[in-house]
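Here is a short briefing for a reader new to this structure.

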Amino acid sequence: MNIAEIKIFAGSSGKAFAEKMCRYMGVEVGRSETLSFSEGNTFVRIGETVRGKDVYLVQTMGLKPNDEFVEILFWIDAFKRASANSVTVIMPYFSYAKGDKKDEPRVSIRARVCAEAIEMAGADRVVAMDLHSDQIQGFFKKPVDHLYALPVLCETIARMQLSDLVVVSPDAGFAKQARKYADYLGTAIAIGDKTRKDHSERAEVLELIGDVNGKTALIFDDFSISGGTLVDLSNMLVRRGAKRILACLSHLVMNEAGIKKLEDSPIELIIGTDSVDNPHLAHSSKIKVVSVAPLFGEAVSRIHKRESVTPLFEKVPDEVILESME
């Protein structure tokens, strides 16, 4: 299939990401507009024909997840009513993915509700990155391509040529994924013992399993909002003798207070991706952003050409890495 025939559109939170994807792919972003009325209503309009086309909508669910989620539904409906052949939702960050289970009485499994709504609106496929848990793919009946920031983040770290590295997982829940980072980088792993008593975004790191004395500790996590876990863990790493502390996050969704907390912490550098358009990051001297838009561009190219996406889960082409770091 001709890649020039591809139709990529951007929602209000996906414009910058879509432009970088399209630059990598050598195509233009489709014409569209999103309006927000004074009472809070959202209006979307496609600016060109999509009849019979395979459409790709880029919209992340980041700092305003409710508005951004509803906008996704409206876009899908608009494309379907405009006779698009298929609609693939490119969702670099799925905010409600953290609501992936019913672990207390009388609560909603929010990720499942969102998945069902996206499918009922007419989505034919979803492409996302570093979902909070792999089981979320099963919440969708339609195909989900689950990409990983791991190759891009690890290649960024590898090019820094750090010595005496140890990968640190903030808790047991992320240990399996952290071990993949450790295997990629060829390092040992340490695991934090974290507890969370309520929904106040305040967790407490109680213990650390593993040796970090005299080493460069590299904390990996999927996201952080308040920065509390990262700061607590970094303080414990200092007490355990770590000589340097860095962190890698798949999604940079920190608020201003969280960034201030990280600025004042022992962490010297936080490396993350551009999966969320977060204006607060500009206020931090400690945050380095690498782009995963080329990774998504490569995935969309392969999907459109009916090629396998599986190779991108662990090893991505050199041109994707180079483009990500520019």
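Arg-106 is exposed, with a relative accessible area of 78%. Exposed means over 50% relative accessible area, buried under 20%, and partly exposed in between, using a 1.4 Å probe and protein chains only. This is a predicted model: local features need pLDDT of at least 70, side-chain atom pairs count only at pLDDT 80 or more, and totals for chains, interfaces and linings use all residues. Residues are numbered from 1 along each chain as its sequence is written, and side-chain values use heavy atoms, with hydrogens and water left out.

**Positive phi in two loops**

- Arg-106 lies in the loop between E5 and H3. Helices (H or I, at least four residues) and strands (E, at least two) are DSSP runs, numbered from the N terminus.
- Arg-106 is not a glycine, yet its phi is positive, at about 60°.
- Gln-161 also has a positive phi, near 55°, and is a residue other than glycine.
- Gln-161 sits in the loop between H4 and E8. Gln-161 is exposed, with a relative accessible area of 72%.

- Helix H4 spans residues 150-158 and is mostly covered, with 8 of its 9 residues buried.
- The buried residues of H4 include Leu-150, Pro-151, Cys-154 and Glu-155.
- E8 runs parallel to strand E11 (residues 216-224), and 4 bridges join them. Two strands pair if DSSP finds at least two bridges between them.

**Aromatic pairs**

- A search of the whole structure finds 8 aromatic pairs. Rings of Phe, Tyr and Trp (its six-membered ring) pair if their centres lie within 6.5 Å; planes under 30 degrees apart count as stacked, over 60 as edge-to-face and the rest as tilted.
- Phe-17 and Phe-296 form an edge-to-face pair, because their ring centres are 5.4 Å apart and their planes stand at 80°.
- Phe-17 lies in helix H1 (residues 15-25) and Phe-296 in helix H8, so the pair ties together parts that are 279 residues apart in sequence.
- Both Phe-17 and Phe-296 are buried.
- Tyr-93 and Phe-223 make a tilted pair, because their ring centres lie 6.4 Å apart with planes at 55°.
- This pair links distant parts of the chain, 130 residues apart: Tyr-93 is in the loop between strand E5 (86-91) and helix H3 (110-121), and Phe-223 is in strand E11.
- Tyr-93 counts as buried at 4% relative accessibility. Phe-223 counts as buried at 16%.
- Phe-9, Trp-75 and Phe-79 form one aromatic cluster.

**Arg-302 in helix H8**

- Arg-302 is found in helix H8, residues 293-304.
- Arg-302 counts as buried, at 15% relative accessibility.
- Leaving out residues up to four places away in sequence, Arg-302 touches Glu-307, Ser-308, Val-309, Pro-311, Leu-312 and Pro-317. Contact means heavy atoms within 4.5 Å.

**The cavity**

- The count comes to 1 cavity of 30 Å³ or more. On a 1 Å grid over the protein atoms alone, a cavity is a set of points where a 1.4 Å probe fits but cannot get out, and a pocket is an open set with protein on both sides within 12 Å along at least five of seven lines; lining residues have an atom within 4 Å of a point.
- The largest cavity has a volume of about 50 Å³. Grid points are joined across faces, edges and corners, and a volume is the space filled by probe spheres set on the points.
- Tyr-93 and Phe-223 are among the residues that line the largest cavity, as are Asp-130, His-132 and His-251.
- That lining divides into 5 nonpolar, 3 polar and 3 charged residues. Ala, Val, Leu, Ile, Met, Phe, Trp, Tyr, Cys and Pro count as nonpolar, Asp, Glu, Lys and Arg as charged, and the others, Gly among them, as polar.

**The second largest pocket**

- The second largest pocket holds about 310 Å³ of space.
- Of its 17 lining residues, the closest to the centre are Ser-12, Ser-13, Lys-64, Asp-67 and Glu-68.
- The lining of the second largest pocket divides into 3 nonpolar, 9 polar and 5 charged residues.
- Helix H2 gives the largest share of this lining, 3 residues.
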